[in-house]
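Visitor: Please show the structure, and then let us discuss its packing.

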Amino acid sequence: MAPEKAIQIGRLAVECGFFPLYEVENGRYNITVETPELRPIREYVEPQGRFKHLGPESLKSIEERIQREYRRLEAKVRMTREEV
């Protein structure tokens with residue numbers, strides 16, 4: 001894979017919430033690359049041949065879980081900020 005393509009796919013992974021970038025320091029969560037609106041998961045999986053076996057229902061299920069987990073992460077950020 002070309003380096004430019006790898007960088008693009010890495011960014012898509014973050015922007016769709018598949019790999020959210022966050023840190024936990026002294027028990028406080030912080031999203032280091034905030035994504036106010038997650039991009040569709042298909043934008044991340046379509047350029048990669050290894051995900052060709054995933055159909056529309058699988059992608060929908062994956063996207064729902066990603067959105068649910070991202071909301072949980074955002075809640076952790078809010079909750080730990082309130083403790084300051």
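Guide: Within H3, the residues Leu59, Ile66, Tyr70, Leu73, Val77 and Thr80 are buried (under 20% relative accessible area with a 1.4 Å probe, protein chains only; exposed is over 50%, partly exposed in between). Helices (H or I, at least four residues) and strands (E, at least two) are DSSP runs numbered from the N terminus. This is a predicted model, in which local features need pLDDT of at least 70 and side-chain atom pairs count only at pLDDT 80 or more, while totals for chains, interfaces and linings use all residues. Residues are numbered from 1 along each chain as its sequence is written, and side-chain values use heavy atoms, without hydrogens and water.

Visitor: Against which elements do the buried residues of H3 pack?

Guide: An α-helix has 3.6 residues a turn, so residues three or four places apart point the same way. The buried residues of H3 pack against strand E1 (22-25), strand E2 (28-31) and helix H2 (42-45).

Visitor: How many aromatic pairs does the structure hold?

Guide: Rings of Phe, Tyr and Trp (its six-membered ring) pair if their centres lie within 6.5 Å; planes under 30 degrees apart count as stacked, over 60 as edge-to-face and the rest as tilted. By this criterion, the number of aromatic pairs is 4.

Visitor: Why is the pair of phenylalanine 18 and phenylalanine 19 classed as it is?

Guide: The ring centres of phenylalanine 18 and phenylalanine 19 are 5.0 Å apart. Because their planes stand at 80°, the pair is edge-to-face.

Visitor: Is phenylalanine 19 buried or partly exposed?

Guide: The relative accessibility of phenylalanine 19 is 47%. Phenylalanine 19 therefore counts as partly exposed.

Definitions and conventions:
Contact means heavy atoms within 4.5 Å.
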